[in-house]
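Dear colleague,

Please find below the sequence and structure that I am handing over to you. My notes on what was found follow directly after.

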Amino acid sequence: MSREWLLAEGEPFVDGLVLSHPEQLARLRRACPEAEKAAVLAGDPCFDRMLAGRPYRERFRRALGVRRGQRLVVLNSTWNPEGLFGNGGDQDLLPSLLPRLAAELPADDYRLAAVLHPNIWYGHGPGQIRVWLDRARRGGLTLIDPVHAWRQALLAADAVVGDFGAVSYYAAALGIPVLLAAAGEEKLDPEAPLAAFVRQAPRLDPYGPLPGQLAELLARHRPFAGPAEFTSSAPGASAALLRQHFYTLMDLAEPAAPARLEPLPLPPYEPPRRTGPLDVRARVRGAEVVIERAQGHPYGAGGETHRAVHEDTVDPADLATADVILRDGPPDDPRFGSPEEWAAEVLDRYPHCSLAAYVSGPDRCTVRTRDLGVLRLSAGSGADADPAVYASALHAWLVWGTAVPSRDAVPPRVGTAVPTALRVRVAGGVHAVEVARPGCVARPGRGDSPVP
């Protein structure tokens, strides 16, 4: 609200300076009284679109591939050297924060997305941004469209890790927990509500364990009154107020129909794509397998450990040491043959690999093991976990669980009984997973214990 931004030759150079709250008008009078005659109190259309989109939160979450039991953490950065996505200097947190998020947060408990200011994309170029964040993207981070989809991602979020930019303030106004990783107080008008929020908001400890900080943020969160109050003095009314001003400027009568804002579109389906190696830990208790996966040693799960690697990993050496190798796609993709053929090729190519898994649907995958041959894993249409988790659970169970008859004892033919059924516990949920030979029909109600 400084004079150099608002005046040209001592006069306002705009026909309407839109303000969202009388608090801004009071500061304008103090900072640049000459501009008051151009001021228009008209609410905030961006905030109004988010308020109208709140009922569709679950749709936005599903569009981002957020599963039941997962928490969506949205990282955001404004366009500023002191922002979270800073200038690359010693104080820039993002380069060290991203790999720690992937390593410390269990992959099935958390979903990560990033909203970067449009000027960051414009200033560096989309190619450079994707190169810088390539490792994080291979770990499952999704880069959100900075123009068309950031509001939907914010509505879908369980927590926001950000800086002093508008996205963090909008999140707080919506009641979403915010953890500040870059405060930038020196860049803010100390009298502005945003500055008051920055002074109050909890801060990220860049050296402390991240899971504990997020858990504390969610457990202790109480919405701040300031952001919800000062974001707009006319929530839901900006379209009418703005249109009234526009038609007054044109000296025309307003249309009779009510003024409306364009609703937020449903973004395209964009689930996480993890091609970086995942370290897996599992506890096997009878027919139950507790799984935790991360790009580092997962927390809270002891017992069997193995490494699961997507075939599209950037480093081919990862495949040579993988215990489980994964691929996902339609079951009839001619490039790989059938899932059974792909799995046989993988086991033949990588002697260290014990199990190859081809994920062909939201609740199923085809696996091949060296001892049992081809098996189909399915949790049913109501399941909501990554089927690659089921493959890791089967691997752990075969290593540490009850003995399973060998291939010779249970021939892989149509009609062979179900070799086992597992209960897979992941991300706070339990999934009953049927494991059957190809062509074998699972027997309802008999999935509680491993039955040869």
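**Aromatic pairs, helix packing and cores**

Please bear in mind that the model is a predicted one.

Phe224 has an aromatic partner, Phe197. The ring centres of Phe197 and Phe224 lie 5.8 Å apart and the planes stand at 80°, so this pair is edge-to-face. It joins distant parts of the chain, with Phe197 in helix 11 and Phe224 in the loop between helix 12 (210–220) and helix 13 (225–230), 27 residues apart. Phe197 is buried, at a relative accessible area of 2%.

Searching the whole structure gives seven aromatic pairs. One of them is formed by Phe47 and Tyr170, which are stacked, at 6.2 Å centre to centre and 15° between the planes. Here too, distant parts of the chain are linked: Phe47 belongs to helix 3 (residues 45–53) and Tyr170 to helix 10, 123 residues apart. Phe47 is buried, with a relative accessible area of 4%, and Tyr170 is buried as well, with 12%. Together with Trp150, Phe47 and Tyr170 make up one aromatic cluster.

I turn next to the packing of two helices. Helix 10 (residues 166–173) packs with helix 11 (residues 193–200) at an angle of about 80°, and their axes are 11 Å apart. The two helices are therefore roughly perpendicular to each other. Helix 10 makes the contact through Ser168, Tyr169 and Ala172, and helix 11 through Pro193, Leu194 and Phe197. Of the residues in this contact, five are nonpolar, one is polar and none is charged.

Finally, there are the nonpolar cores. The largest contains 37 residues, and those with the most contacts inside it are Met50, Leu72, Ile144, Trp150, Leu154 and Val160. At least two residues of this core come from each of helix 3, strand 5 (71–77), strand 6 (110–116), helix 9 (150–156), helix 10, strand 9 (178–180) and helix 11. Helix 10 gives the most, with six residues. Leaving aside residues up to four places away in sequence, Met50 touches Trp150, Arg151, Leu154, Leu155, Tyr170, Leu174 and Leu264. A second, separate core has 32 residues, including Leu375, Ala379, Ala383 and Ala388.

With kind regards

Conventions: Residues numbered from 1 in each chain as written. Predicted model: local features only at pLDDT ≥ 70, side-chain atom pairs only at ≥ 80, totals over all residues. Heavy atoms only, no water. Axes fitted to C-alpha atoms, helices over the stretch in contact; angles between N-to-C directions. Helix = DSSP H or I, 4+ residues; strand = E, 2+ residues; numbered from the N terminus. Parallel < 35°, antiparallel > 145°, perpendicular 65-115°, else oblique. Contact = heavy atoms within 4.5 Å. Nonpolar A, V, L, I, M, F, W, Y, C, P; charged D, E, K, R; others polar. Phe/Tyr/Trp six-rings, centres within 6.5 Å; stacked < 30°, edge-to-face > 60°. Buried < 20%, exposed > 50% of the residue type's maximum accessible area, 1.4 Å probe, protein only. Core = buried A, V, L, I, M, F, W, Y, C linked by side-chain atoms within 4.5 Å.
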